Amino acid sequence: MVMGKSVNTQTSLVFTVSRQQPEFITPAEPTPYEFKHLSDIDDQAGLRMHVPGIQFYRSTPDMAGVDPAKVIREAVRKALVPFYPLAGRLREKAGNKLVVECTGEGVLFTEADAEVSLEEFSEAQLHPPIPCMEELLYDVPGYDGVLNAPLLLIQVTRLRCGGFILTHRINHVMSDGTGLAQFLTAVGEMARGAQFLSVNPVWKRELLSARNPPQVNCVHREYEQIPDIPLGDDLVYKPFFFGSTELAALRRHLPPHLKSSSTFEILTAVIWRARTIALRIHPDDEVRVRIYVNARHKFKNPPLPPGYYGNAIATPNVISTANNLVRNGLDYALELVKGVKNGVDEEYMKSLADFMVLNGKPRYTRANTFSVSDVSRLNLDMLDFGWGPPVQGGPARGWLGAPTPGYGSFYLASKNNKGERGILVPIYLPYLAMERFEKEIDGFLSDLGLEHTIPSPRSCVSNGSHLTMINNGAIYA
């Protein structure tokens, strides 16, 4: 047994975690040995990384005395039978091409106990950045690579109160957020005694592989290779909450032809514009927002099967000069976001796969670019393993894509301190830029008749890669 200590610098919450030795969980039944090719959407440089997630669960009277680690371990074994590629290992073939060798070696599972109760976590500490992740999702030495390493890592940490924390880390080339949610839902169904899955997994990665010959018929500026523009080392973190009141006020502010815009589109326009103002980018410079678009329903010939759990996302860039974005207001930004998002169709995805083959799988452009991904609709906060939905669930870190914070954010399903549901947006910016961003958002909401800034203890300062929590944040509710 390995002991570790977690210190939450937000409120000096200190607790000890005792871990069992990690073990490999293999499929409950024999599975095929074969090589499975990833799609050319899966097999791109920007997805060769691990993505962590977390769910917090309360104890329930119906499950008193039941060990969540045992239940989830067995459910994972059962789910790995239909999802057997996840029990394999990535290999690299000629041309830097990734394939999955379906070896059945299994996923890495860690069982742990923590001397802390769920009630000791504040509401703030249930959201990213989770300050104790190094103990709640142990990074097993030697198993954190992309190649020849477990594709999925799971840890179940029992709490003193009878609740538990489930953490997981998946190799992004295997699944996007929708695919991960499909697997975890399958584990939940198995844990609750289901004999059959509600949605059977489907591989069929050839549907998102390049054509022969490749035909790049669309523009893919998100992969332009231009020099990066760093944000700096000292970043401040603050979360911004947009509830139904704020979202309704934003929608009322729009002209008639834009009122049907989605919440994602509206928030993206608001945040992109405010961030550009806050960073004081030169008026003639291009600024970009990279939007993550789930393209599953865009395919018609043939359609993607409902159980497709690979990457079916596009990440187009919305581009403007800083001057046009700032001076033309929210309507201009929203029109741009909607136009680019609506431009992702079946041909765009096929062109993207062809582009990857012809251009050597380039990385995303980061210069003056902010990435946004809406995970609030994935129902990660509804996963039920027999203990009911989690108190909170979703990504375990507050930034998106880049290895360091500041270049992107998730839109997370959350609640404010009144229990009202809404969208939480974690933001990282240099200190002075954060002050300007907060002022811009506050001023914009005040113009809509909303004027309530609520103090929050969930801010932090980043010195390089280290985050230190401070107590003068602000949250909008």
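1. Let's start with N368, which is buried, at a relative accessible area of 15%. (Buried is under 20% relative accessible area, exposed is over 50%, and partly exposed is in between, using a 1.4 Å probe and protein chains only.) N368 has a positive phi of about 50° although it is not a glycine. Look for N368 in the loop between helix 8 and strand 16 (369-374). (Helices, H or I with at least four residues, and strands, E with at least two, are DSSP runs numbered from the N terminus.)

2. A word on the source: this is a predicted model, where local features need pLDDT of at least 70 and side-chain atom pairs count only at pLDDT 80 or more, while totals for chains, interfaces and linings use all residues. Residues are numbered from 1 along each chain as its sequence is written, and side-chain values use heavy atoms, leaving out hydrogens and water.

3. Now N379, another residue other than glycine with a positive phi, here near 60°. N379 sits in the loop between strand 16 and strand 17 (392-395) and is partly exposed, with a relative accessible area of 45%.

4. On to S261, in the loop between helix 4 (244-252) and helix 5. At 2% relative accessibility, S261 counts as buried. Leaving aside residues up to four places away in sequence, S261 touches R251, I266, L334 and K338. (Contact means heavy atoms within 4.5 Å.)

5. Rings next: the structure holds 15 aromatic pairs. (Rings of Phe, Tyr and Trp, the latter by its six-membered ring, pair if their centres lie within 6.5 Å; planes under 30 degrees apart are stacked, over 60 edge-to-face, and the rest tilted.) Take Y223 and F355: the ring centres are 5.7 Å apart and the planes are at 35°, so the pair is tilted. The two residues are 132 residues apart, with Y223 in the loop between helix 3 (177-191) and strand 11 (234-243) and F355 in helix 8 (residues 346-359). Both Y223 and F355 are buried. Elsewhere, ring pairs link Y57, F164, F385 and W387 into a cluster.

6. Two prolines deserve a look. The peptide bond from N212 to P213 is cis, with omega near 0°, and P213 is in the loop between helix 3 and strand 11. The bond from N301 to P302 is also cis, with omega near -10°; P302 lies in the loop between strand 13 (293-294) and strand 14 (313-314).
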